[in-house]
Each structure stands twice: as C-alpha cells, then as structure tokens.
Amino acid sequence: MNLESLYQDLILDHYKNPLNKKLAENPGISVHHVNPSCGDEVTLHLTGDRSELKSVTWDGVGCSISQASTSVMSDLVQGKSPAQAESILNSFMEMMQSKGGSQGDLELLGDGVAFSGVSKFPARIKCALLGWMALKDAMVQLDLI
Amino acid sequence: MPLDVSTIKADFPILQRKVRHDNPLIYLDSGATSQKPIQVIDAVSNFYKNHNSAVHRGAHLIAEEATDAYEGAREKVAKFIDGDPDEVIFTKSATESLNALAYSIGNAAKGSPFYLDENSEILVSELEHHANLIPWQELAKRTGAKLTWFEIDEDVRLDYSNIDQLINKKTKIIAITHQSNVSGAITDLPAIVERAKVVGALTILDACQSAPHMDISVKKLGIDFYAFSGHKAVGPTGIGILWGRTELLDQLPPFLYGGSMVTSVTMTGATFAKSPRKFEAGVPNMAGAVGLGVALDYLSDIGMENIHNHEIALTQYSLEKLAQVEGLTVIGPKNVEMRGAVLSFTVDGIHPHDLGQALDENGIAVRTGHHCAWPLMKKMKLVATTRASLYLYNDFTDVDHLITGIESAKKFFLKSGR
C-alpha cells in the first residue's frame, strides 16, 4: 500500500472539483453529520419520493476522503430509486468493511471503487462513510427505505 | 545539561521498531500519550510477577510488599510535584481526577467552602481540553452556577485583559489548563493565582501537558488542586493523579464510596477515612501506581529542568523549520516564551487528516483532528490541525524528518493538475 493507491487521482479530482456541492433550497430533508473523532462535517439536502431521489446536494468540510466520497455518492444516487440507492450504499459499505479484500462492484459503484484502498485503513473508513451515512439517515427520515 | 537522546531512545523498546514500509518509527505524538521506557515496563511486569496482592488488606507477606510498593509510589509522586504524600490521590486518569473533583465539589453541603449556587461562578478558558471543560459545564448545570471563560488572543494564548472582571467576588472555582494541548501556550499562573487569592476562589490546574515536561512545585505555584495523567509522563495507562491541599481535602466530600475509604460502617451509615484513603474506594491500580513511581524516577534522574531545556531547544528549532515551509501556518505562539513542545499547524490545500496519513507512510506519527478542544477549534474557525508534540526521546533529526515528510506530502497533494 502506498499513497498513490490510497489517494487515487479520482479521489483527489473529486476533492478539488466536488459534484453537487451546493445546497439546494427547500429540500425534503436536511441532515447534518459530524465525525466526532476528527470534526469533519457534511450537510446533506435530499428531495425525493419512493420512486426517485430527485435532488441530492451537500456541503461540508473535511479531508479529501470524506469530501470526495460524498461527491461520488451524490453523483451515484442522483435520480436513482431509493431501493437502488440503498443497494449502492450497501455495496459501498461492504467494500469498506472488507479490510482491503474487495475491489468493489464496478457496475454498482462506478467511481466509488476508487475508495477500495481506504478499507485497509481502519481510521479512515469513517471518513469515507460520512456522506453515505448522511444519505442513509436522510432516506430513513423521509421514510424512503 | 544537554540530554543524551540516543541513550534515552535506547531505553524505549517501541522506538526500536519499524513501521510502514520498514521505516523507523518517528514518534511525535507524546501529547496524546508518551512511550514507556523498559524500566517502567519491567516494574509493572515485576509487580505482577512477584508482589501482586490487594494493598492495605491481607495478613501476608506479599500484601505487605504490595502496600509498600503502592505507598512508595505515592511518596515518589509527592516528591515529584513537591506535595505531601497524603495529598496525592491515585485515580485512573486525569479525566477521572477532574470529574471526581467536580462531583465531590457538587456533593458539598451549604456552608462548605465548596458549596456552589446560582450566585457562584466557575471560570474556565477557551483553551481547555474537553476533560477540563465538560465536568465544569455539568457541575454548573447541577448547581445553578454560571460558567465563565477566558478567551484567547491571536497567539492562541489566554487573553488576560479582562482578568479582574472574570475573577470576581462570585468566582468560586477557576479550572484552567497549565499548558494548551493545541497551541502549547503556557498559562500565566502567578497572575491568575494572585487574583484568585484576592477573591477567595479555588484554583484547579489541568497539568496533563505540563507535569511531564517541566519542574513543578505545587507549593510554589500556590494552587489548590492539580491533576495529571501517568501515561503522558512515560508511565503506564490507567493511572492518574489528583493532588489537593490537605486542609481542602479534609473538607471535601468523597465521590466514590466503598471499601478502604471508611473508618467505620453500620447498617445505616459510615464515617470516612482521611485523604488519600477517603478518595480511593476499592482495590486501586497498584501496578499502574508502581509503574508511575518508576516513570517519575526515570524523569527525575534525567532531570526535569534538563528535559524542559531540551524541549525548548527542539521547539525553537521546529518553529524555525516550520516557518520555512511555504503555506504552513503555526497555530500558537511563534516563539518559545512561555510555550511548550506542542506544535499545531495547518498546511494550505492539505487537510490535516490527509497530511497525517502521508506522514504515516514515512513512519512519522502525529495527531490530527480537533485534539478534544472543539470549542477552541471553532473559535479559530478551523476544523482540524496537525499536531507534532515532542518529548525527551525526540531529537533534531526527528524534526528534520517531519519537515521532509510535510514537503513530500505537499508534492503529492498539491502537484500541478491536481
């Protein structure tokens, strides 16, 4: 494991040029998640119904892993059904819990597989999951899953 | 006398090990916990191998030996801080010391010098670690007292400009850090203690970041209570110290009740022993105390003044080197006046957690995050910093490694196109 394989270009690209990082107004729900061990923060706005996540926008401060992962997540689940979003989320979590054993499901996770290396660093898994946990919380609160 | 760092390093087995990519460990995280010399590791092991028995009980030889070792450790702590052995209370951590004190104060009845109500004020500061903030927040809530605090100045030192307003007739308790675990700023205690005495406030010192690093006399400081943890002073984990002045400990109600802290017990009540027994209910962490005693001997043999001077030289060198790194900002005093060897900084364009990860790839262990001082970070409008904290086993080469590591992280994260 070296820095290059942990911080793939794709992660650093998303960190520098994040997608959907502008909170939409009047969302269906707004959630704020913090990683209490490091202080990283993500606010997520979600609008959607049982058929479609219509708008997933966010804002946040934190390390490249937490911010890039949230960017990738917002892009992946935008326009998907809550059920599809949940299976993407579960697939991402499974990869994160694999301790480096899983390369990730490219079809489901797309750019998300770039985070497979993070699963070898226990201290960083929470970073990668910050935005995803916010999404899950938002979907639960909107009673979508 | 300059420290012989290579000899000191050789006493610490963990500093001999290799970490990622077979790099030697460059340990710059002593502010979180210090490493342990073989003398301490052996002392803990020896206690369990040869003397383990419940102290202050038991009609047998090893119980006597355990009691002697435990009480001997108390004497060593007392000598280290220039207090009396009966004023030294063993706890599990500085966090427990401060919480126990806050609870004991909260148990005080009306008429006690510790009694607080809505006319009282508890003074803390924005520099506090959560462990010396939240116990007082909660005590204020329980008693109706008002929590007040010192703010910080641009050097991340305490701002003393309104000290006469902050320490007023209502101020009953001043709980303050001796040295910030974020900025390294050392508190101007004489100013605070002098003013506290004028209004009759109690002074409680969180010495976690100072006790392991400088020669301290609680008597000369003129404070009332003093807390520090063993594990930051090359001692074992799970052992902390609460020191208090005898006349105050005599009047302070206990917090934990149980075995060994009583003089007599009936079915309806109990009377309590004097300090330190009054505050040490249950079978204590004997091996931890013994290990701490040996740890403090280890530091004293080298000399606290020598250790402090070594750290000042290292800090001076670090500040000079860090100032030369483009885009790097030191969070805290930029000189070694009233400052310890805790160096927090940010680097433009690199989040501290990412920087910490990159340093770790080179075997350099630092702390990143809010350092359990969240209100301070918010005040400084920062999410996190990277912190290098130095100790007696660090040398100038370790600092050079840190600087090289930061430069190589900059190359990686800030290279063009990224």
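Colleague: Why is B:Lys379 called partly exposed?

Modeller: In this predicted model, B:Lys379 has a relative accessibility of 32%, and because buried means under 20% relative accessible area, exposed over 50% and partly exposed in between (1.4 Å probe, protein chains only), B:Lys379 counts as partly exposed. Residues are numbered from 1 along each chain as its sequence is written, chains are lettered from A and ligands numbered from 1 in the order in which they are written, and side-chain values use heavy atoms, leaving out hydrogens and water.

Colleague: What makes the contact of B:Lys379 with B:Glu126 a salt bridge?

Modeller: The closest N and O atoms are 3.0 Å apart, and the term requires a side-chain nitrogen of Lys or Arg within 4 Å of a carboxyl oxygen of Asp or Glu, so the pair qualifies as a salt bridge. B:Lys379 lies in helix H13 (residues 374-379) and B:Glu126 in the loop between strand E3 (121-125) and helix H5 (134-143), so the pair ties together parts of chain B that are 253 residues apart in sequence; helices (H or I, at least four residues) and strands (E, at least two) are DSSP runs numbered from the N terminus.

Colleague: Why are B:Glu407 and B:Lys410 said to be separated by about one helical turn?

Modeller: Because they are 3 residues apart in helix H14 of chain B.

Terms used. This is a predicted model: local features need pLDDT of at least 70, side-chain atom pairs count only at pLDDT 80 or more; totals for chains, interfaces and linings use all residues.
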